[in-house]
Amino acid sequence: MNIGLLGGTFDPIHHGHLALARAAKERFDLGRIHFVPANVPPHKQSRAVTPYFHRYAMVVLATMGEKAFVPSVLEAPGVVTTPVSGAKGRPAKDEVSGANYSIDTVKRLKQSLKKIDLVFFLIGMDAFSEIAHWHQAEALFRECEFIVASRPGYSLADVANALPEKIRPPQSVSQPFAKQPATGDLVLRGATIHLLENVNQAVSATAIREAIVAKKPLRRFVDAAVEEYIKKEGLYLSR
Ligand code: ATP
């Protein structure tokens with residue numbers, strides 16, 4: 001079976017996440033997509049994230065109507081994170097203490113799957129543009145195939161350039177294709193990347209949090225049940 005994994009902060013989960021998952025499910029015949037909220041997202045250290053249990057609850061509510069969408073506790077608090085590898089127990093340069101790294105999550109997911117199952121890592125182009133700086137990025141590409149979705153404000157034509165140096169194709173190979181519509185698959189030694197070019201959701205969790213502070217309606221960004229939960233719990237009322 002083809003299995004998708006969509007990791008994120010989900011603070012809160014919104015239509016952009018769901019549109020990405022639905023489009024990937026259709027195009028790549030994914031039998032299941034695991035939605036994995038990170039307890040400690042390594043790339044969002046600049047602001048305090050909402051407690052894990054609220055973010056997980058909203059993921060449960062938003063995925064309830066879709067049989068193939070599975071809320072996952074693979075990055076829940078208390079799930080063992082890889083011990084930091086830096087000297088004297090301090091994190092190495094690319095590590096955040098206690099953070100959830102995708103390489104560990106994918107490996108943990110694969111332990112519960114059959115050998116013939118194929119894992120696809122779902123990601124938006126904004127996050128993919130930083131992939132070269134992720135912890136053990138090259139190893140992550142070896143563990144699973146990637147599905148990179150378009151996101152307003154970002155170009156899928158930049159996919160090849162965003163790759164870690166060891167995997168990145170030479171400019172002479174990627175340049176002639178730069179002006180063509182970015183579509184199809186990129187099969188390289190060490191990475192297989194599928195482009196998902198029709199996800200066109202101009203929504204972000206940041207914009208939602210701002211809309212709540214400004215007392216603007218949320219319905220076009222999030223599911224009704226998620227909106228209800230945000231209101232009941234009084235989430236995001238202050239920055
Ligand atoms: P924030 O605004 O707080 O940075 P976000 O809206 O980007 O959050 P995340 O939970 O960080 O949401 O995103 C999880 C994954 O979903 C990432 O791979 C991200 O690229 C992708 N994603 C989020 N929103 C969209 C969108 N509108 N279109 C396509 N992909 C998206």
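Tutor: Two strands pair if DSSP finds at least two bridges between them. Strands (E, at least two residues) and helices (H or I, at least four) are DSSP runs, numbered from the N terminus. This is a predicted model, in which local features need pLDDT of at least 70, side-chain atom pairs count only at pLDDT 80 or more, and totals for chains, interfaces and linings use all residues. Residues are numbered from 1 along each chain as its sequence is written, and side-chain values use heavy atoms, with hydrogens and water left out.

Student: What is the order of the strands in the open sheet?

Tutor: Strands of a sheet pair through backbone hydrogen bonds, either parallel or antiparallel. Here seven strands form an open sheet in the order 3-2-1-4-5-7-6, and the pairing is mixed. Strand 3 (69-71) and strand 6 (185-188) are the edge strands, each pairing on one side only.

Student: Which strands pair with strand 5?

Tutor: Strand 4 (residues 118-124) pairs with strand 5 in the parallel sense over five bridges. Within this pairing, Phe-120 stands opposite Glu-145, and Leu-122 has Ile-147 as its bridge partner. Strand 7 (residues 191-196) is also parallel to strand 5, over four bridges, with Leu-196 opposite Ala-149.

Student: Which way do the residues of strand 5 point, and are they buried or exposed?

Tutor: In a regular strand the side chains alternate between the two faces of the sheet. Glu-145, Ile-147 and Ala-149 point one way, Phe-146 and Val-148 the other, and all are buried. Buried means under 20% relative accessible area, exposed over 50%, and partly exposed in between (1.4 Å probe, protein chains only).

Student: Why is strand 5 described as largely enclosed?

Tutor: Because five of the five residues of strand 5 (residues 145-149) are buried, the strand is largely enclosed by the rest of the structure.
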